[in-house]
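Hi everyone, thanks for making time this morning. I'd like to walk you through a structure that may be new to you, so please have a look at it first.

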Amino acid sequence: MATNFSSIPILDFSLSSNPETKPLFLAELRNALTNVGFYYLKNHPIPQAEIDAIIAYVPRFFDLPDAEKERLRMVHSPHFFGYSRFGAELTKGKVDQREQYDFGTSLQSKWQPGDPEYLKLWGPSQWPEEHLLPGFRAAFASYIDGLQKLSYRLLSLVAEALELPPDAFAHFFEQDGNEDRAKIVKYPAPADDSSDQGVGPHFDGGFLTLLLQASPHRGLQVQNRSGQWIDAPPTPGTFVVNIGKALETVTQGVAIATSHRVLSPEKGSTPRYSIPFFQMVSQGTVIGRQVLDMPPGILKIKEARGQVIADSINYSEYNELPSGLVALIGRVKSHPDVAERHYPELFNKFFPDGLPTHGLAY
Ligand SMILES: O=C(O)CCC(=O)C(=O)O
Ligand SMILES: [Fe+2]
């Protein structure tokens, strides 16, 4: 199969549950994992009515009164959950032109004095007042639980596609519940000739990301192996699934994490909305020390494919640091205002000159 790509493959989830069609699904998944790092998933098990209900809440969330958005601001949360104003986030030092609300699967913080600081990253979400947005909390809590289940099913199919036992990744997750993260994002059209960086080129950090494109706007682009940006337009009834750096690392680079970005909508357009879900791994695991033995036939696919080009950072921190600390460092770099308040030592390490202000609106 091709080792470069000019479009994103579409996989039919329903093929995976029929023994006659499952080999075809696994072959297509293997190609997507080893050559693209991205795929669309159609005929998935999340009911369309549930997705429509979620999508309908998104603009309403951003229309909440300013006082409520202020109450929900991420700066109040050591778990980096809550509302970030437009222009309050950085990707590799550059300001992203988006506004967002981060939430997670429901977990209490396990951190106790004396524990590593990164355990504080997991904890409860901040939810809007029920009377201001009735049903929002229940709908999004149920949605993220459904995506967590789907992400585990997809990961077991990843294992099978790479000729590993279906539970090959099970030990990367907490047995008593893992905290996965999601967010709702608004990308407005630029008001003038300002930046069109919706979000700058980056890799996702964890295992799998499941993205719901929640409006018909284009903007998401994925970098192919010769460095070109390939459009990943919204396709109704699908999720966009992509591989994070942790999964790339534990598969010895067989499954590839692919750089991607979002361009703001055209001037004069309505905003683009999206809802990404990020599958996280157990916080204490040093990913680089848990690399899996890969079957020789699968390693040959990687050799035949050759080096993957990407103009973005790598996650070499995974080789030495617990994944929870890698995730926390990522959050500190993206949300310095939250870091300054809740993680002063890390803040001082990464921002020795104080809070970056240029272009940022905390
Ligand atoms: O909004 C999107 O379509 C993608 C967002 C994204 O890549 C991210 O937040 O990691
Ligand atoms: Fe991403």
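A word on the record before we use it: UniProt positions are given in the numbering used here, feature names are shortened, and annotations may be inferred rather than shown by experiment. With that in mind, the UniProt record, an unreviewed entry, lists residues 178–281 under "domain: Fe2OG dioxygenase".

Now the ground rules. What you see is a predicted model, in which local features need pLDDT of at least 70 and side-chain atom pairs count only at pLDDT 80 or more, while totals for chains, interfaces and linings use all residues. Residues are numbered from 1 along each chain as its sequence is written, and chains are lettered from A and ligands numbered from 1 in the order in which they are written.

Let's stay with that annotated stretch. When I say helix or strand, I mean DSSP runs numbered from the N terminus: H or I with at least four residues for helices, E with at least two for strands.

What surrounds ligand 1? The shell consists of Val 185, Val 199, Asp 204, Leu 211, Leu 220, His 260, Val 262, Ser 274 and Pro 276. Being near the ligand here means that a residue's C-beta atom, placed from the backbone, lies within 6 Å of it. Strand S13 (260–263) and strand S14 (272–278) each provide at least two of the shell residues. Sorted by class, the shell has 6 nonpolar, 2 polar and 1 charged. For those classes, Ala, Val, Leu, Ile, Met, Phe, Trp, Tyr, Cys and Pro count as nonpolar, Asp, Glu, Lys and Arg as charged, and the others, Gly among them, as polar.

Next, a pair of helices. The axes of helix H1 (residues 22–36) and helix H4 (residues 136–161) come within 9 Å and cross at roughly 90°. Axes are lines fitted to C-alpha atoms, for helices over the stretch in contact, and angles run from 0 to 180 degrees between N-to-C directions. On the H1 side the contact is made by Leu 26, Leu 29, Arg 30 and Leu 33, and on the H4 side by Leu 157, Val 158, Glu 160 and Ala 161. Contact means that the C-beta atoms of two residues, placed from the backbone, lie within 7 Å. By class, this contact of H1 with H4 has 6 nonpolar, no polar and 2 charged residues.

On to burial. A residue is buried if 20 or more other C-beta atoms lie within 10 Å of its own, exposed if 12 or fewer, and partly exposed in between, with C-beta atoms placed from the backbone.

Is Leu 208 buried or exposed? Leu 208, in strand S9 (residues 208–213), has 24 C-beta neighbours inside 10 Å and so counts as buried. Beyond four places in sequence, the contacts of Leu 208 include Ser 151, Leu 154 and Leu 155. His 79, in the loop between helix H3 (66–71) and strand S3 (82–84), is also buried, with 24 other C-beta atoms within 10 Å. His 79 touches Leu 121, Trp 122 and Gly 123, setting aside residues up to four places away in sequence. The C-alpha atoms of His 79 and Gly 123 are 5.8 Å apart, although 44 residues separate the two in sequence.

For contrast, Gln 108 is exposed, with 9 other C-beta atoms within 10 Å. Gln 108 sits in the loop between strand S6 (99–104) and H4. Of the 10 residues of helix H6 (residues 296–305), 0 are buried, so this helix lies largely in the open.

Last, some backbone angles. Most residues other than glycine have a negative phi. Glu 163, in the loop between H4 and strand S7 (181–187), has a positive phi near 60°. Gln 252, in the loop between helix H5 (245–250) and S13, likewise has a positive phi near 60°. Gly 306, which follows H6, has a positive phi near 80°.
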